[in-house]
Amino acid sequence: MLSSLAHRALERAGLGEVRDRVLEGKRITEEEALRLFRCPDLAALGALANHVREARHGDRTFYNRNVHLNFTNVCVASCKFCSFARPDDRQASEGYTMPLEESVQSVLRRKGSGITEVHIVNGLHPDLPWSHYVDVVRKLRQGWPELAIKAYTAVEIHFFAEKFGKSYEQVLRELLDAGLTTLPGGGAEIFASRVRRKICDDKATAEQWLEVHRVAHRLGIKSNTTMLYGTIETLEERVDHMARLRALQDETGGFQVFIPLAFHPEHNMIGKAFPKPTGFDGLRTYAVARLFLDNFDHLKAYWVMIGERLAQTALSFGVDDLDGTVLEERIYHMAGAQTPQGLTEAGLHRLIRSAGRVPVERDSLYHVLRLHGPEGAAGAPRAATA
Ligand code: SF4
């Protein structure tokens, strides 16, 4: 229920009509999303987003138990916001490439720990053969049959297709045959060509990123989406980004979750020019995303990037997913993230419960694995439900 206070505050901010459209379950336009972004009353905006969140999910807050694998940070691209990539794997440049067996064992050694997903993302290595990427997936699938393998961003899939002379479909089919489960959502950044030309002009274009996901969805592979905010993009360009995702979701229905990613300014080429986005900006971005992306089930706050406190607050601004335990994360810690290297499940529960929400462990496809009741009363495992 939207409080009468929030009702009036939105009216005062000139957003009465938008509020009514949302409450009637109608889709809002790009122009309306832009007006929401400019709403000075963050609490009222959050209350509207929270209304939609609770209508969809109640108090449920999703997380999973996952580990990251970034087996190389060597990359031929030169994205200006990136703190992870290195031009080669010499020790002096902090570049690295893990041998195949080491990569696989770093995940397999966690078997029996309750982890249900590995998230694999890398730099665009100039020399690794195609077999390396497929074998990582195949060996993980053979060694841990029930593990969900979320691997390779659309930027990597595009790179493989170009480098190894394959279509997107061939690349994805070979990975599927090896044991791939889903695609992560990284590499989307901001779709507007003005921004991409300036911050990431030598990797997959917006159209190529979207086409990889379109093909994946056609093959039955679910995927995630992201948006990097806080560099040079305008609010109009953020809305344009979300509008393109919403349009593809209308077409395919294959996206599971939208994940706004805050720019991290340390150890990259543009960090001095742009400070870290504020908490206000983060919260309004979650809220607008929840209201605009009416065909997305889930909205995730990636706690590694924005910190546990803001992620927890975001649970009242439309967010229903906090990612997971995230063991072995490298990408944002190399960009200066001060968050811990992984959270325990109990730590995640504490964050969720103290925000008045109910922790729900999910798998990679958002099936409910375990619904946790009040503190100390973990619910029984439930049959998977969508
Ligand atoms: S963001 Fe990805 S593609 Fe761009 S430089 Fe970093 S690792 Fe390479």
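Colleague: Let's start with E233. Which residue does E233 form a salt bridge with?
Modeller: Keep in mind that this is a predicted model. In it, the closest N and O atoms of the pair are 2.9 Å apart, and a salt bridge needs them within 4 Å. So the pair passes that cut-off, and the partner of E233 is R238.

Colleague: Are E233 and R238 buried or exposed?
Modeller: To be called buried, a residue must have under 20% relative accessible area. E233 falls in that class, and R238 does too, so for both the word is buried.

Colleague: Which residues are joined with E233 and R238 into one network?
Modeller: Salt bridges can share partners, and here that links E233 and R238 to others.

Colleague: How many salt bridges does a search of the whole structure find?
Modeller: Side chains of opposite charge can pair when their charged atoms come close. Searching the whole structure gives a total of 31.

Colleague: How many residues apart in sequence are the parts that E101 and K139 tie together?
Modeller: E101 sits in helix α5 (residues 100-108), while K139 belongs to helix α6 (residues 130-143). Because the two residues lie in these two helices, their pair ties together parts of the chain, and the separation in sequence is 38 residues.

Colleague: E169 and R218 form a salt bridge too. Which of the two counts as exposed?
Modeller: Their closest N and O atoms are 3.3 Å apart, with E169 in helix α8 and R218 in helix α10. E169 has 25% relative accessibility, so it counts as partly exposed. Exposed means over 50%, and at 56% the residue that qualifies is R218.

Colleague: Now for the second largest pocket. Which element gives the most to its lining?
Modeller: This pocket has a volume of about 220 Å³ and is lined by 13 residues, with V22, G25, V52, R56 and D294 nearest its centre. The elements giving two or more residues to the lining are α2 (16-23), α4 (42-57) and α12 (279-292). With 4 residues, the top contributor is α4.

Colleague: How many residues of that lining are charged?
Modeller: The lining of the second largest pocket has 6 nonpolar residues and 2 polar ones. The charged group numbers 5.

Colleague: And the second largest pocket lies between which domains?
Modeller: Look at who supplies the lining: residues come from both domains. That is why the pocket lies between domain 1 (4-56) and domain 2 (59-371).

Conventions: Residues are numbered from 1 along each chain as its sequence is written. This is a predicted model: local features need pLDDT of at least 70, side-chain atom pairs count only at pLDDT 80 or more; totals for chains, interfaces and linings use all residues. Side-chain values use heavy atoms; hydrogens and water are left out. On a 1 Å grid over the protein atoms alone, a cavity is a set of points where a 1.4 Å probe fits but cannot get out, and a pocket is an open set with protein on both sides within 12 Å along at least five of seven lines; lining residues have an atom within 4 Å of a point. Grid points are joined across faces, edges and corners, and a volume is the space filled by probe spheres set on the points. Ala, Val, Leu, Ile, Met, Phe, Trp, Tyr, Cys and Pro count as nonpolar, Asp, Glu, Lys and Arg as charged, and the others, Gly among them, as polar. Domain bounds come from an automatic or database domain assignment. A salt bridge is a side-chain nitrogen of Lys or Arg within 4 Å of a carboxyl oxygen of Asp or Glu. Buried means under 20% relative accessible area, exposed over 50%, partly exposed in between (1.4 Å probe, protein chains only).
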